[in-house]
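Please look through the structure below with the sequence beside it.

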Amino acid sequence: MAMSDSGELSQQMYVNDVQKEKVLMVGAGGIGCELLKTLVLTGFKHIHLIDMDTIEVSNLNRQFLFRKSHVGQSKAKVAREAVLKFRPGVEIVAHHANVKNQEFDIDFFKQFSVVLNGLDNLDARRHVNRMCLAAGVPLVESGTTGYLGQVTVHIKGRTECYECQPKPAPKSYPVCTITSTPSKLIHCIVWAKELALAKLFGDKGQVSDLDVRSTSNEDNAVSNDPDEAEFFEVRSGESNRSYAERVFNRIFGQNIVTALQNEDTWKARRRPDPLFLDKVLTEEDAATQNNASSNDGTVSAMASLNLKNPQEIWSVKDNARVFLESIRLFLEKRSKDVGKIVFDKDDQLAVEFVTAAANLRAHSFGIPMQSVFEAKGMAGNIIHAIATTNAIIAGLIVLEALKLLSNRTEECRMTYCVEHPSGKMLLMPVEMAEPNPRCYVCSETPLVLELNTATATMREVIEKVVKRKLGVTDPVIMQGATLLHEAGEDIEEDMVAYYRALLDKKFVDYPTPITTGVVLTVEDYHQDFRCSLHVKHRDTFDEEKEPEGMVLTGDLASLNTTETAAAPTPALDAPSKAENGHAEEEEEDENVVMVEPAPKAATAGTKRKLENEETHPTEKRLRASEAVPVEV
Amino acid sequence: MDPPTELLTEQEAAVYDRQIRVWGVDAQRKLSKARVLVVGMSGVIAETCKNIVLAGVGSLTLVDDSKLTLEASAANFLIQFDELEGQGITLAEACAASLRDYNPMVQVKAEAGSIQNKPDSFFGNFDAIILGRSSISLRKHVNELCRKQGHRIGFYSVDCRGTCGSLFVDLKSHSYVSKRAKDDKDARHELTYPSLEEALSVPWKSFPKRTSKLLFALRCLEDFEHAEGRQPGHVSSQDLPALLAFWKSACEAQKVAENLVSEPLFQRLLGSGSSELPPVCAILGGIVGQELIKAMSGKGEPLRNYFFFDAADGKGIIEMVAPK
Ligand SMILES: [Zn+2]
């Protein structure tokens, strides 16, 4: 304990040390603003800062380097300017860019003594982890949500890497729960945004189905009723109001009536009540309201219905009015967006529609309704964020960086910031875990890919496994020394044609058939990532539990057995958010995924238990984009 | 019964959206009525002010008449570099300008004059008072004044000494709401706090064995500064022999073993002198900020009644110190 007992950490000594060091900060959001400030105060003089985001109003309660007048500008650039006002002599290079860009290659990373992450999403964290491993630069990783926070240190070969332990996957729900048997409001919200909103105003090419289905027949989750598609079109001569009413009666009324006919479904469940407009609204209630825009010109059903309090839980009647009014407004004021609407938490009208639709459905199913404020948080996966936790976490990041830079790596700790003291501790350091020898990112563990080689194609493997599970962006796939696939810009034309021809070919039909025993190599040059996939043929897959028709495991031992039950490896089952089409989550600057339950006080200072999180089989599921609840 | 919910303005709802998701509208409304006084614009106080202004307290009054110097700006990011050249502006005025800019919805003002010369009635204008580095006698004086007022005034004293930090809290009596683990329902709790005088009177011998070493080391250092007639923080490594002698007699008086605190910890505290380590300021300022938010909003369990942080072991520890 050199630091605690000899007084080595005196101000003079470390300031002289850090002045020469060059550090990279990834993220200029909630943690980033605090971190940049604390770094320059501590004496750091050479800082690169990468952030692709621009400033939003909801950042201003904690990202103190930004003002209202900066809304819409680059976070990295504005943060740099703000810090130079109190420390003009510091060299800060601001990159308004995605950290995954090619310009930030391994040589770029190698110029830094340490990389400090204040990131908001799993995908970017995994990428930076790989770049740091490839460049041999230590990484300090962080995350916060509400009063909870966490700082970890990753040193190649010494500690676990960011991907050594499984991360909780974004929460998802079985399709039948969403389409047929909701029991919580979140199920209704997922239904409202992924099915109702998408059906009425989204891309018609995307299949979604609004009918309530039985649980016993999941294949029907995708409708094959030819009338259904037409039903949701506005008919010629039909007023927007009549259309909205027709949709209401169908999705909250008739569909429930139909679903009730399947007695099996309701044997052990509360039967839902169909809602028909004539029972919900009187004629006066239904009369059209006043002005359709709020003060700032946003199209809003709440504004036109004079509903002011976003915290208030609307009556069933008001929900019905908002539902009808929001449909009318979409058709009349947002007609150019209709056909391309995807849920966005900053789209006020979409939030109102989703709230009303979810509440009406919830009411049918006997589930308590919620305010538009709460529903927006659930639908938009809005992460709870406060300035104080970010400030504390940024301070802890700098302390870890100081230890790394003065070669006191043995003193580095993983620190939890907790809401309720565990024992007497509010800030709880624990020793860092060693690398996981089975980690496919920082060790050379081969992976086993089970699939039906008679039907599987490269396209499927790239989408379902290489991108989604391995987190590879630009894959190069080889069989021995033969290139089978390559992604990127500067590829010869004849090769592009060759790869395209292979893309949809069945594995058994390849020039050298891809069957049991074949080893595929997957590489990403940019990430300097490389791993081997040992192919293993299997005829059938459980449609319920293995809907992807392929299973990736990390256990080489299973190669030698002929029949192996599919056992998903936890570490491989954490698809990134970006790939689930929830781009809106990327706007958040803090990330709940990072925060793990803190150990009990008794284990503080001792080795952290390696808890392998239980993972769900990759069922056919709908993503809820709901924040993973964190309990400490 | 609480009065019917007042609506937040559109601007409040937009800016405070993410934190309202943590503590709720009701807490935000209460917070926006809190009047806070801070004394002594150190690095840790700058951090604290930033946090509570961003959170949206009602008003913040700063007291610090000292001049803008390079030293004063060492850990204080509220001072813009070009202001250092300017004349006639106090530290409180410079910091207030930055804080107003952070959040125009909060009233921030600089109060001229020294805190020692304020009439007793002055303290009654606030709901919380945060003292930065200050002598033990000033802290006791202000704490007593707070406790005498008709309404509850939250009292905080906080200091960062190099790599170490400490916080004392006196909320007199406090009631708060928090979610019960068993059913996730709101439940009301009552807490009582000892005064600073009472907390200081607890004999060392009665402390549990695992009490933070910083508690004893910092008390000894503050008593030493007082006995030597120094300003708080005006110490250096050269004071070590005298401080160790002072410690020895303190241990004899308190009937505890001298090895309760190790010499290197004293070395480290003396070596820091009056300087603050910025990451420790950030951590400590974050804790003070969140404690004040909990106390003013009545939402969440506030800590009782000391908090210590030491960068050497990275532990942030709560100690409850009250007479039996
Ligand atoms: Zn690893």
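Chain A contains 20 helices and 16 strands. Here helices (H or I, at least four residues) and strands (E, at least two) are DSSP runs, numbered from the N terminus. This is a predicted model, in which local features need pLDDT of at least 70 and side-chain atom pairs count only at pLDDT 80 or more, while totals for chains, interfaces and linings use all residues. Residues are numbered from 1 along each chain as its sequence is written, chains are lettered from A and ligands numbered from 1 in the order in which they are written, and side-chain values use heavy atoms, with hydrogens and water left out.

Of the 632 residues in chain A, 59% are buried. Buried means under 20% relative accessible area, exposed means over 50%, and partly exposed lies in between (1.4 Å probe, protein chains only). A contact means heavy atoms within 4.5 Å. Among contacts in chain A between residues at least 6 apart in sequence, 71% are between residues at least 24 apart.

Helix α4 (residues 75-86) of chain A has 12 residues, and its first and last C-alpha atoms are 18 Å apart, close to the expected 16 Å. At the start of α4(A), a side-chain oxygen of S74(A) comes within 3.3 Å of the backbone nitrogen of A76(A). Such a pair can be set beside the cut-off for a polar contact: a pair of N or O atoms within 3.5 Å, where within protein one must be able to donate a hydrogen and the other to accept it, and residues adjacent in sequence count only if both atoms are side-chain atoms. The buried residues of α4(A) include K75(A), V78(A), L84(A) and F86(A). Among the elements that cover the buried residues of α4(A) are α3 (30-42), β2 (46-50) and β3 (91-95) of chain A.

Helix α6 (residues 122-135) of chain A has 14 residues, which at 1.5 Å a residue should span 20 Å, and its end C-alpha atoms are 20 Å apart, in agreement. How many of the residues of α6(A) are buried? The count is 14 of 14, so α6(A) is mostly covered. At its start, a side-chain oxygen of N121(A) reaches to within 3.3 Å of the backbone nitrogen of D123(A). After α6(A) comes G136(A), with a positive phi near 70°.

Next comes the metal site. Which residues coordinate the zinc ion? They are C161(A), C164(A), C439(A) and C442(A), each through SG, at 2.3 Å. Donors are N, O and S atoms within 2.8 Å of the metal (3.2 Å for Na, K and Ca); water is not among the atoms, so sites may look incomplete. Along the chain, the donors of the zinc ion follow the spacing C-x2-C-x274-C-x2-C. C161(A) counts as buried because its relative accessibility is 3%, and C439(A) counts as buried because its relative accessibility is 2%. The 4 donor atoms subtend angles of 95 to 114° around the zinc ion, which makes the arrangement tetrahedral. Four donors count as tetrahedral if all angles lie between 85 and 135 degrees. The ideal angle for four tetrahedral donors is 109.5 degrees.

UniProt, in an unreviewed entry, places "domain: Ubiquitin/SUMO-activating enzyme ubiquitin-like" at residues 449-541 of chain A. UniProt positions are given in the numbering used here, feature names are shortened, and annotations may be inferred rather than shown by experiment. Over residues 449-541 of chain A, the chain is 23% helix and 29% strand, with its end C-alpha atoms 13 Å apart. T457(A) sits in the loop between β10 and α19 (458-467) of chain A. T457(A) is buried because its relative accessible area is 7%. Leaving out residues up to four places away in sequence, T457(A) touches L503(A), D504(A), K505(A), K506(A) and F507(A).

In chain B, H174(B) lies in strand β7 (residues 173-179). H174(B) is buried, with a relative accessible area of 4%. Its side chain makes a polar contact with the side chain of R152(B), at 3.1 Å.

Definitions and conventions. Expected span 1.5 Å × (residues − 1). Tetrahedral: all angles 85-135°; square planar, octahedral: opposite > 155°, others 65-115°.
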